[in-house]
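Subject: Structure handover

Hello,

Please find the structure below. My notes on it follow.

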Amino acid sequence: MKRGKVVTAEEAIRTYLHAGDCLALGGFSTNRRAYALVREIIRQGVRDLTVESGAAGGDVDMLVGAGCVKAINISYIANSGFTMVCRRFREAVEQGKLPAEDYSLDVQTIAYHGAALGLSYVPVRNMVGSDLEHKWGISDEQRKDFPKLPAKKFILQEDPFHPGTQLCLIPTPRIDVACIHVQKASPEGICRIEGAEFQDVDIALAAAHTIVSCEELVSDEEMRREPDRNTIPGTCVDAVVPIPYGAHPSQCCGYYDYDPQALQEYDRVSRTQEAFDRYLEEQVLISHEAYLSHIGDEQLRSLRTDRLYGYAVGLRRS
Amino acid sequence: MDYTRKQMMAVALSREIEDDKLYIIGTGLPLIGAALAKRTHAPKARLLFETGILDGDPQEVPTSVSDLRLNYQAAILWPQYRYFGFEILAAERGQIEAGFLGGAQIDPYGNLNSTCIGDYAAPVTRFSGSGGANGIATFCDTVIVMKHEKRRFVQRVDYCTSPGWINGPDGRRSMGLPEDRGPRAVITELGVFRFGADKRMYLAELFPGVTPEQVVENTGFPIDVTRAVPAAPPSEAVLKTLVEEVDPHHLMT
């Protein structure tokens, strides 16, 4: 197979992600988060990132705990069912160390879609009348120090076409780099997301550079045989990183379920910075191969999804 | 059969779900209530999730609104932006019966906080944030699940993530919110609460073994308990379905 855009995670992050960038991450809470790419970002110590997270999970929490994040636009951050509020994020905000701006998840969703449509802002009726409207996490003044953030959280304006309705004009993010994990990708960068795509196609299209990790590298010819199943064209992808179990410990539809043991372990180690730092040493600042052998073949096999049901039937989760 | 307060809550949640209607479901106990309803009195109830997953039939407890367990038998897995538009349009057409939410703090008008305790600029405790709750509370009737503690049932929420009835009958209109929808019920381990013409929360149903005094003691604002009736205990058949089929490993109940 030709090499095309296929690179290692190390090369992809080194080439495309720089300190101070706006980074968007794919997946949803405990499903198809780009963990292997995030671990590489931490290994390379990329700093001062402005993170657009959507419904974030432990991956974003790890970036916060590792000191990579300068500011975050947030609507949700949890390893849902395992950690109800991600703990490094929580401590950073409670200690005033992480400027965070709150939106609602559906608003972030439509802002990312707007970004993918090339729009500067999207007018929504959400957030009006709540403290998402009334309270700002990052003021206009502070925003001058954050060149990757828009000048305002939003602007409230009466609908010029249908007077009487208040609209929130939500700025769309200018994403420098999107990192997503997909099931299949080809050397030229054609991607196939199986299961729910969440907002991954939007952030991949909106970003100046998109890095894709994949479970399987498939030939361009094979991907082009059934184009209706493809979700992102190669034109929108800069780097393809074949990396099986690249979303572990989150789910990857058609391949593996989430890893309850690993998520429970992360719940424990993320309670204190000291334990988290040890976890970084032992499970993040190591190669992906070493990480997978730490998890163990038997454990990985137990996560395999059932063909009929789509998840690991009877997986022990308590 | 004995049952726990959490199981009673799941049963009460399931009773809020009618057959053949569409509901937006959030993480946690509402997922159990919905799964229970589908296996008992409401097999054709349809479930919508903010991930864009519509109308699945989960066979095992999903731990998240993105859990692969929700995909089973689903009608469609939409990109999330489709949910955004559908939530608003379907709610306006009256096609969404209600959305289910949880939170950390609630006030007498059903305004809900899932963002932080203390000053937002320097919070004592930070939570996960709105998720899709703000949009659901903006456009749909809601059923809210709460832990019943005095520090959670407060006169005024520290942060209004999801608007309820704001401050009374005129509250939503004054804020520019759709005025004909809002919180419908609050379900706690003590009972079921509803909202009167004054849009204040009152005790509507008391769970078995709970006294009105307990409700008053654990509520941080004056609460009317005079209209309460005893909640029907769960039937053996419903409990059996809950324990044996819906949540056999006690992940949530």
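How many bridges join strand E12 (residues 209-217) of chain A to strand E13 (residues 239-242) of chain A? There are 4, and the two strands run parallel. Two strands pair if DSSP finds at least two bridges between them.

Before the rest, some ground rules. This is a predicted model, in which local features need pLDDT of at least 70 and side-chain atom pairs count only at pLDDT 80 or more, while totals for chains, interfaces and linings use all residues. Residues are numbered from 1 along each chain as its sequence is written, and chains are lettered from A and ligands numbered from 1 in the order in which they are written.

Back to E12(A) and E13(A). Ile211(A) stands opposite Ala239(A) in E13(A). Together with helix H9 (residues 220-225) of chain A, the two strands make a right-handed β-α-β unit (right-handed if, with the strands pointing away from the viewer, the path from the first strand over the helix to the second runs clockwise).

Chain A also has an open sheet of 3 strands in the order E7-E9-E8, with antiparallel pairing. Strand E7 (121-124) and strand E8 (155-158) of chain A stand at the edges with a single partner strand each, so one side of each has no neighbour in the sheet. The twist from one strand to the next averages 30 degrees. E8(A) pairs with strand E9 (residues 166-171) of chain A over 4 bridges, and Ile155(A) has Leu169(A) in E9(A) as its bridge partner.

Helix H5 (residues 105-116) of chain A lies across E7 and E9 of chain A, at about 140 degrees to E7(A). Axes are lines fitted to C-alpha atoms, for helices over the stretch in contact, and angles run from 0 to 180 degrees between N-to-C directions.

In total, 51 residues of chain A are in contact with 46 residues of chain B (contact: C-beta atoms, placed from the backbone, within 7 Å). The largest share of the side of chain A that touches chain B, 5 residues, comes from H5(A). That side divides into 20 nonpolar, 20 polar and 11 charged residues. Ala, Val, Leu, Ile, Met, Phe, Trp, Tyr, Cys and Pro count as nonpolar, Asp, Glu, Lys and Arg as charged, and the others, Gly among them, as polar.

The axes of H5(A) and helix H3 (residues 80-92) of chain B come within 9 Å and cross at roughly 120 degrees. The two helices are therefore oblique to each other (under 35 degrees counts as roughly parallel, over 145 as roughly antiparallel, 65 to 115 as roughly perpendicular and the rest as oblique). Residues of H5(A) that meet H3(B) include Asp106(A) and His113(A), and those on the H3(B) side include Tyr81(B) and Glu87(B). By class, this contact has 4 nonpolar, 3 polar and 2 charged residues.

Within chain A, helix H3 (residues 58-65) packs against H4(A) at about 45 degrees, with axes 7 Å apart. H3(A) is thus oblique to H4(A).

Two backbone details remain. The peptide bond from His248(A) to Pro249(A) is cis, with omega near 10 degrees. Asp55(B) has a positive phi, near 65 degrees. Most residues other than glycine have a negative phi, and most peptide bonds are trans.

Regards

Conventions:
Two residues are in contact if their C-beta atoms, placed from the backbone, lie within 7 Å.
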